[in-house]
Amino acid sequence: MSDVLALAGVSVVRGDTVILDDVSWEVEEGQRWVVLGPNGAGKTTLLQLASARIHPTSGVVGILGEVLGTVDVFGLRPRIGLASAALAERIPPRERVRDVVVTASYGVVGRWREAYDRMDEGRADELLEALGASHLANRHFGTLSEGERKRVQIARALMTDPELMLLDEPAAGLDLGGREDLVRRLGQLAGDLAAPAIVLVTHHVEEVPPHFTDVLLMREGRI
């Protein structure tokens, strides 16, 4: 096994606020981690670091053999599958669902002048089908329910066959039926030995899918 994610003495400070405080943590190939903690514990900031969206104030962040601050993050990000509310807010409401998924190939949000072939679109359709969302392929993202949006985001996160999968509160805002369906599907993904290392953030233990084997407990920016 080798580390796909390694944090050493990492802190994130904004103004006078310490969001993460001296965090050290490692995720190895094939592991399925859940990050638990109350609101404000630093869970989402941890995932922003792990997805190369922000840099630490101090400490070292290693992702897929690269070190933040010494690597082109635009080349690194497509190797990481990310599903988060912050990313969903950037998706144009009139973007077709199939395009929401396929644009992950270029690490962009919103289809513009990129060229995609039939294999790209075929993979997007396969992922949507696996997540029970194939019937949404030609819908506009802005017309979807919260549960439908979550499934489309996860399909997008899987589009590039990532080496690391990050899920930030994927069941947030779902009703009971939608949550149970999503947790079941995530459990199937986690049980697939070919799936990448997965990190799932939540503050509800009932949202932890089967096959997750490791837990990181956080409070006030610390482990």
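Start at Ser51, which sits in the loop between helix H1 (43-50) and strand S4 (58-63). Helices here are DSSP runs of H or I with at least four residues, strands are runs of E with at least two, and both are numbered from the N terminus. A word on provenance: this is a predicted model, so local features need pLDDT of at least 70, side-chain atom pairs count only at pLDDT 80 or more, and totals for chains, interfaces and linings use all residues. Residues are numbered from 1 along each chain as its sequence is written, and side-chain values use heavy atoms, with hydrogens and water left out.

Back to Ser51. Is Ser51 buried or exposed? Ser51 is buried, at a relative accessible area of 1%. Buried means under 20% relative accessible area, exposed means over 50%, and partly exposed is in between, with a 1.4 Å probe and protein chains only. What does the side chain of Ser51 reach? The backbone oxygen of Gln48, at 3.2 Å. That is a polar contact: a pair of N or O atoms within 3.5 Å, where within protein one must be able to donate a hydrogen and the other to accept it, and residues adjacent in sequence count only if both atoms are side-chain atoms. Setting aside neighbours within four places in sequence, Ser51 is in contact with Arg77, Ile80, Leu82 and Leu166. Contact means heavy atoms within 4.5 Å.

Next along is Ala52. Ala52 is in the loop between H1 and S4. Ala52 is not a glycine, yet has a positive phi of about 65°. That positive phi comes just after H1. Ala52 is buried too, with a relative accessible area of 1%.

Now H1 itself. H1 is mostly covered, with 6 of its 8 residues buried. Those residues are Lys43, Thr45, Leu46, Leu47, Leu49 and Ala50.

There is another positive phi to show. Asp22, also not a glycine, has a phi of about 55°. Asp22 lies in strand S2 (residues 17-28).

On to the cavity. How many cavities of 30 Å³ or more does a search of the whole structure find? The search finds 1. On a 1 Å grid over the protein atoms alone, a cavity is a set of points where a 1.4 Å probe fits but cannot get out, and lining residues have an atom within 4 Å of a point. Grid points are joined across faces, edges and corners, and a volume is the space filled by probe spheres set on the points. The largest cavity has a volume of about 40 Å³. Its lining is Ala83, Ser84, Ala85, Lys150, Gln153, Ile154, Asp168 and Pro170. The largest share of that lining, 3 residues, comes from helix H6 (residues 146-158). By type, the lining divides into 4 nonpolar, 2 polar and 2 charged.

Ser84 lies in the loop between strand S6 (80-83) and helix H3 (85-89). Ser84 is buried, at 9% relative accessible area. Leaving aside neighbours within four places in sequence, Ser84 is in contact with Gln153 and Asp168. Both of those residues also line the largest cavity.

Staying with H6, take Glu148. Glu148 lies in that helix and is buried, with a relative accessible area of 16%. Not counting residues up to four places away in sequence, Glu148 touches His135, Leu136 and Arg139. A polar atom of the Glu148 side chain lies 2.9 Å from the backbone nitrogen of Ser145.

Then helix H7 (residues 176-190). H7 has 15 residues and reaches 21 Å from its first C-alpha to its last, close to the 21 Å expected at 1.5 Å a residue. The expected span is 1.5 Å times one less than the number of residues. Buried in H7 are Arg179, Leu182, Val183, Arg185, Leu186, Gly187, Leu189 and Ala190. What covers them includes strand S3 (32-36), helix H5 (118-130), H6, strand S7 (164-168) and strand S8 (197-202).

Last stop, Val208. Val208 lies in the loop between S8 and strand S9 (214-217). Val208 counts as partly exposed, at 25% relative accessibility. Leaving aside neighbours within four places in sequence, Val208 is in contact with Val34, Val183 and Thr202.

How values were computed:
On a 1 Å grid over the protein atoms alone, a cavity is a set of points where a 1.4 Å probe fits but cannot get out, and a pocket is an open set with protein on both sides within 12 Å along at least five of seven lines; lining residues have an atom within 4 Å of a point. Ala, Val, Leu, Ile, Met, Phe, Trp, Tyr, Cys and Pro count as nonpolar, Asp, Glu, Lys and Arg as charged, and the others, Gly among them, as polar.
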